[in-house]
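Dear colleague,

I am handing over the structure below, and after it you will find an account of what turned up in it. Please read the two side by side.

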Amino acid sequence: MSFSHETKNELSRLMPQKRCCLKAELAALVLFGGVNGLKGKDETDSLAVNTENAATARKVFKLFKALYPVPVKVGAVKKRQFKKNKVYVVKAHPDKNYPQIIRALGLDDDEGQRLERLPERLVRSRCCKRAYLRGAFLARGSVNKPEGEYHLEITCATDDLARDLQKLMEQMRLEAKISERKNSIVLYIKESEQIADFLRIAGASSALLEFENVRVVKSVRNQVNRQVNCETANLGKTVAASMRQSMAISRLIDNVGLQAIPQPFREVAVLRLEHPDYSLRELGSLMNPPLSKSGVAYRMRRLEDMAEKLLGEKS
Ligand SMILES: [Zn+2]
């Protein structure tokens, strides 16, 4: 089962306590998950929500039943192209109560025209904002498993609706971005901390726990990788410097002989050739008495200077 599906199952089981939140969540489910905006001849007196998640379908049914005493039916159809996935359609038939319910869920304006906008009066309280975000996510949202690329999105029917939802998220300190796809507008979050916040706000405690566990493991692993990369880079620098120094010292010895190198430098030269993988600090610690890193560095530079001068004289 995908992480997205698991998250939706968890959110579907969560029933708000207050009537204001029940209404906000159902309003989001109908607006975001509604079938073709309720247009079409035989759809005029029904409210329909479609979803691929059985638990979400049950939730829509329960929300209708909790709020309005109207007949509600749940049906399932198989998608033709993707035979694996069933689509559940939850349909309420309010008959003469239809205009009232549409109005209550903020789905039309004062003239009775259908609205594809977020109903502000339904999401004034914090509890209702959370319920509305949960409903929108259940209807048309998805979230990647935390092991992969961080991504959470909600598909919106129109640009206006995407902007409305973006504003609502802003009020909850969630920063979502909008991107246009072929036939839809997508509101998405890529930042892991923000996705965790969304899961917490929507009330997906178990999904949040799983998400955070993986996130911690991933972040520690990244930290270790960064450290290893850093150490490897430093090691590369040490090896390159050591090779350069060894070559200079070998040239010096080949040309003038070890005995011709003045004593304070001779010891460093020999130690460098004996321990090509040691850092300057490590070379210094082998000396008697031990020499500081800067002391070794100074002598090493002088040795390289001598070798360079020699090369200059020869050419
Ligand atoms: Zn509420």
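Predicted model: local features only at pLDDT ≥ 70, side-chain atom pairs only at ≥ 80, totals over all residues.

The domain assignment of the protein gives two parts, domain 1 (3-203) and domain 2 (220-314), and their C-alpha centres lie 68 Å apart.

An open sheet is made of three strands in the order E1-E3-E2, paired in antiparallel fashion, with strand E1 (47-51) and strand E2 (72-78) at the edges, where each pairs on one side only. From one strand to the next the twist averages 20°. Strand E3 (residues 86-92) is joined to E2 by seven bridges, and Val89 in E3 is the bridge partner of Gly75. Across E1, E2 and E3 lies helix H3 (residues 54-67), which runs at about 5° to E3.

The zinc ion has as its protein donors the SG atoms of Cys20, Cys21, Cys127 and Cys128, lying 2.3 Å from it, and the spacing of these donors along the chain is C-C-x105-C-C. Cys21 in helix H2 (residues 19-33) and Cys127 in helix H5 (residues 126-140) are 106 residues apart, so that this pair links distant parts of the chain. The site is tetrahedral, with angles of 97 to 128° among the four donor atoms. Cys21 counts as buried because its relative accessibility is 6%, whereas Cys127, at 23% relative accessibility, counts as partly exposed.

Note on methods:
Residues numbered from 1 in each chain as written. Heavy atoms only, no water. Domains from an automatic or database assignment. Pairing = 2+ DSSP bridges. Helix = DSSP H or I, 4+ residues; strand = E, 2+ residues; numbered from the N terminus. Axes fitted to C-alpha atoms, helices over the stretch in contact; angles between N-to-C directions. Contact = heavy atoms within 4.5 Å. Donors = N, O, S within 2.8 Å, 3.2 Å for Na, K, Ca; no water. Tetrahedral: all angles 85-135°; square planar, octahedral: opposite > 155°, others 65-115°. Buried < 20%, exposed > 50% of the residue type's maximum accessible area, 1.4 Å probe, protein only.
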